[in-house]
Structures are given as C-alpha cells and as structure tokens.
Amino acid sequence: MSWKLFLLLLEAARLTVILSVVSIGIFGFLLATGVCAANMSQNRAVRGAGRLFVSFFRGTPLLVQLLLIYYLLPSIGLDVPSEVAAIAGMSLCTAAYQAEIMRGGFAAVPQGLVEAADMVGMSRAATFRRIRLPIAFKLTLPGLINEWIMMLKSSSLVSVVGVVELTRMAQDLAASTYRPLQLYAAAGVIYLCINVVVALAGRGLEARFSWGRT
C-alpha cells in the first residue's frame with residue numbers, strides 16, 4: 001500500500017478523533033451529567049424522564065439512532081451537515097451509558113462518610129463537593145474510559161450517514177484500488193493505536209487520582 005493511501009486514512013482518522021472527542025468527551029459527557037442528576041432526583045417526573053432517556057438510547061442500536069436523527073432533522077426543517085447528525089447521535093447514545101456509570105459511582109459512595117459529614121455540620125453542597133463527587137469520580141473513571149473506547153470504535157457506524165471517517169475512507173479506497181486486505185488492516189492498526197493512546201491516558205488519570213495520593 002502506498003504512502004498516499006495511508007495518508008488518506010490518517011486524514012480520515014483525524015476526523016474520527018474529532019467527532020469522538022466532541023460527541024463523547026464534550027456533549028455526551030455534559031448531557032450524561034444532566035441525565036445522571038435527573039435519575040438521582042427526588043422528583044418522580046424528572047427521575048422518570050431520565051430513566052426513559054436511558055432506556056431508549058441503551059435499548060436501541062446506535063445505527064438505528066443515527067439513521068433516525070439523520071432523516072428526522074431535515075423533516076423538521078433543520079438542514080445540517082452529516083457530521084452534525086453524527087455528533088448528535090453519538091452524543092445521545094453515549095450520554096445514556098455514561099449517565100448510568102456516573103449513577104453507579106454515586107450509589108457506591110459509602111453512606112457512612114456522608115453521615116459523618118452531616119454530623120460535623122457540613123452542608124449538603126460541601127458534602128457533595130468534597131466527599132461524594134471526588135469518590136464517585138474515582139469509582140467511575142475506569143468505566144468512563146472503557147465507554148469512551150467502545151464509542152470510539154462504534155464511531156465507524158457514522159459512515160452510514162455520509163461521514164467519510166476512517167472506516168468509510170477504507171471502504172472507498174478498497175473499492176477503487178482493489179486492495180481491501182491491506183486497507184482494512186491499516187485501518188485496524190490506526191484504530192488500535194488511537195485506542196491504545198486513550199487507554200494509556202485513562203491509566204494516567206487513574207494513577208493521578210488513585211486512593212491515597214495527594
């Protein structure tokens with residue numbers, strides 16, 4: 001395989017990374033925070049809405065969600081690029097999974113620590129900021145990193161809505177050059193390298209926020 005073809009794959013991989021960072025690490029994470037708060041709310045209606053969101057986006061395939069959003073937006077008068085539809089679909093899907101990971105982290109915070117904070121006169125806001133949030137973050141970090149890696153690999157599905165990311169570029173080049181084995185192998189290696197970097201970054205974060213470290 002020529003360097004020209006490999007550079008085309010790398011350019012498509014850059015788009016894959018950008019889409020993943022924007023949808024998973026920014027919009028998806030922010031939306032997941034709100035959904036997690038809704039799922040932990042004392043208000044039954046708010047909690048029900050949060051659970052309905054999680055149930056829908058965890059219970060349906062990402063591919064179906066992408067196609068629904070891609071065809072829904074133009075039908076309501078929103079003519080947006082394919083990349084926007086892809087970001088919307090990936091953000092909504094990963095938000096459901098990240099929200100459940102976060103909720104599990106908060107549920108795992110030892111209740112004794114919360115009660116002790118209450119006994120020494122800490123406000124609910126201070127208890128959340130200084131006890132519940134740091135512990136929940138440490139507990140959920142491995143799960144969040146794993147979810148980010150899984151979604152980055154699932155980003156190959158956005159090719160169905162016309163986004164020329166890494167998988168779609170490999171398909172197009174394979175069709176024109178008749179070298180599918182080389183191109184798909186190269187795409188696989190690129191995906192592997194990206195995920196290794198993400199995994200190493202995750203391990204670094206886990207070590208930075210490990211128990212007992214200041």
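**Aromatic pairs in a predicted model**

Phenylalanine 128 is partly exposed, with a relative accessible area of 35% (buried means under 20%, exposed over 50%, partly exposed in between; 1.4 Å probe, protein chains only). This is a predicted model: local features need pLDDT of at least 70, side-chain atom pairs count only at pLDDT 80 or more, and totals for chains, interfaces and linings use all residues. Residues are numbered from 1 along each chain as its sequence is written, and side-chain values use heavy atoms, with hydrogens and water left out.

**Pair count**
- The whole structure holds five aromatic pairs.
- Phenylalanine 53 and phenylalanine 57 form one that is tilted, at 4.7 Å centre to centre and 45 degrees between the planes.
- Rings of Phe, Tyr and Trp (its six-membered ring) pair if their centres lie within 6.5 Å; planes under 30 degrees apart count as stacked, over 60 as edge-to-face and the rest as tilted.

**Within helix 2**
- Helix 2 (residues 44–59) carries both phenylalanine 53 and phenylalanine 57, four residues apart, about one turn of the helix.
- Helices (H or I, at least four residues) are DSSP runs, numbered from the N terminus.
- Phe53, Phe56 and Phe57 are linked into a cluster by ring pairs.
- Phenylalanine 53 has 17% relative accessibility, so it counts as buried.
- Phenylalanine 57 is also buried, at 12%.

**Between helices 4 and 6**
- The pair of phenylalanine 106 and phenylalanine 128 is stacked, because the ring centres are 5.7 Å apart and the planes lie at 15 degrees.
- Phenylalanine 106 sits in helix 4 (residues 82–107) and phenylalanine 128 in helix 6 (residues 124–154), so the pair ties together parts 22 residues apart in sequence.
- Phenylalanine 106 is buried, at 13% relative accessibility.

Methods:
Helix = DSSP H or I, 4+ residues; strand = E, 2+ residues; numbered from the N terminus.
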